[in-house]
Amino acid sequence: MTKETITAAASGTWQLGDLTVNRIGFGAMRLTQNGEAFADGAVPSDRGRAIGVLRRAVELGVNHIDTAAFYFSRLRSANELINQALGPYPDDLVISTKVGPGRAPSGEFLPHATPEQLRGQVHENLRQLGRDHLDVVNLRIIGTDSIAERFGALADLREAGLIRHLGLSNVHPHHVTEARAIAPVVCVQNRYGIGIRPDHDEFLRTCGRQGIAFVPFYSIAGTGGQAGTKGERRDEVLAIARAHGAGAAQVRIAWTLHRGPHVLAIPGTGDPDHLTQNVAAGALRLSEDELAVLDALHHERE
């Protein structure tokens, strides 16, 4: 890939409701600690470095940041880092957050939130981010049970003007159908990448037909999940990366973007060099033959 600085604009744009975002965004989960997210005893990140990464992301054209109030380590809060680094916010910056999971101050996850607790989590995000409304709020769930009551509580807050748009995270197709009967859904955030959830291929395409953004998480980490990746293991990915003078992580990001114009990327990092590389992946164009190789790898599973 070229040595010139590539901005997020190279990835193209998509509409989250009435909000235009570049398809390469930034995920804030890894900003608050070194190493595995949510790990017991995780070492808090360097505050100045984290703030610098956020500001550099915006300089590189990133205008879609994914965060959550439950993204925190012993000394750091992703939302408060975003507030300090970027407030007052640029007019075109879209901040998406998630509610549903809660974490105690000691770090352990709590049972999923009730509708009343969801309202409290929305206000917590508003306070931490220093906003009078939230651009996008994703309801994150576990399981297959009905989400109508919980999503309805968020829809009420949308009607009240505290939320602009609603999305879903870690869901199944029937959840989208259920939610859309209550209020518009602008995005779905699910785990997806090369070799991860090939059963979601049709779900991804259905979202596109419905005008809903599909936002994969862990698309670089693969099976490493929250622990990240210790290095690329697949020769096919490495060979394509070498052919483009790119990194394996860039190939994985580019592959997800090639899955459809409605697919957004939110790779996260606390490293400014990795940030630059992730943003540059939006300019990586894979050939039909390369896509065929990666598609076959996808269906082999990792």
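## Sheet, helix packing and salt bridges

With a relative accessibility of 40%, R205 counts as partly exposed, a class that lies between buried, under 20% relative accessible area, and exposed, over 50%, as computed with a 1.4 Å probe on protein chains only. The structure is a predicted model, in which local features need pLDDT of at least 70 and side-chain atom pairs count only at pLDDT 80 or more, whereas totals for chains, interfaces and linings use all residues. Residues are numbered from 1 along each chain as its sequence is written, and side-chain values use heavy atoms, with hydrogens and water left out. Helices (H or I, at least four residues) and strands (E, at least two) are DSSP runs, numbered from the N terminus.

**The parallel sheet**

- Seven strands, in the order β3-β6-β7-β10-β11-β12-β13, make up an open sheet with parallel pairing, where two strands pair if DSSP finds at least two bridges between them.
- The edges of this sheet are β3 (26-27) and β13, each of which pairs on one side only.
- Strands β10 (residues 134-140) and β11 (residues 163-169) run parallel and are joined by six bridges, with V136 standing opposite H165 of β11.
- Within β11 lies G167, which is buried at a relative accessible area of 0%.
- When residues up to four places away in sequence are not counted, G167 touches V136, V137, N138, L139, F151, V185 and C187, contact meaning heavy atoms within 4.5 Å.
- The C-alpha atoms of G167 and D135 are 11 Å apart, although 32 residues separate the two along the chain.

- Strand β12 (residues 187-191) pairs with β13 in the parallel sense over five bridges, and R191 stands opposite F217 of β13.
- The chain passes from β12 through helix α6 (residues 201-209) to β13 in a right-handed β-α-β crossover, a term that applies if, with the strands pointing away from the viewer, the path from the first strand over the helix to the second runs clockwise.
- Strand β13 (residues 213-217) is mostly covered, with five of its five residues buried.
- In a regular strand the side chains alternate between the two faces of the sheet.
- In β13, A213, V215 and F217 point one way while F214 and P216 point the other way, and all are buried.

- In helix α2 (residues 78-86), the residues A78, N79, L81, I82, A85 and L86 are buried.
- Because these residues cover an arc of only 160 degrees around the axis, they fall on the same side of α2; the arc is that of the directions from the helix axis to the C-beta atoms.
- The buried residues of α2 pack against α1 (47-59), β6 (64-68), β7 (94-99) and α3 (115-129).
- Helix α10 (residues 288-300) contains H298, which is buried with a relative accessible area of 0%.
- The side chain of H298 reaches the backbone oxygen of G193 at 3.1 Å.
- Leaving out residues up to four places away in sequence, the contacts of H298 include Y192, G193, I194, G195, W255 and R259.

**Salt bridges**

- There are 15 salt bridges in the structure, each defined as a side-chain nitrogen of Lys or Arg within 4 Å of a carboxyl oxygen of Asp or Glu.
- R205 forms one with E202, the closest N and O atoms being 3.1 Å apart; both residues lie in helix α6, three residues apart, about one turn of the helix.
- E202 is partly exposed, at a relative accessible area of 37%.
- An α-helix has 3.6 residues a turn, so residues three or four places apart point the same way.
- A salt bridge also joins the side chains of E236 and R234, at 3.9 Å from N to O; E236 is partly exposed at 28% relative accessible area, whereas R234 is buried at 18%.
- The side chain of R234 meets that of E300 as well, in a salt bridge of 3.2 Å, N to O.
- This pair links distant parts of the chain, with R234 in the loop between β13 and α7 (235-244) and E300 in helix α10, 66 residues apart.
- D201, R259 and D295 are linked in a network of salt bridges, and D201 and R259 are also among the residues that H298 touches.

Definitions and conventions: Polar contact = N/O pair within 3.5 Å; in protein donor to acceptor, adjacent residues only side chain to side chain.
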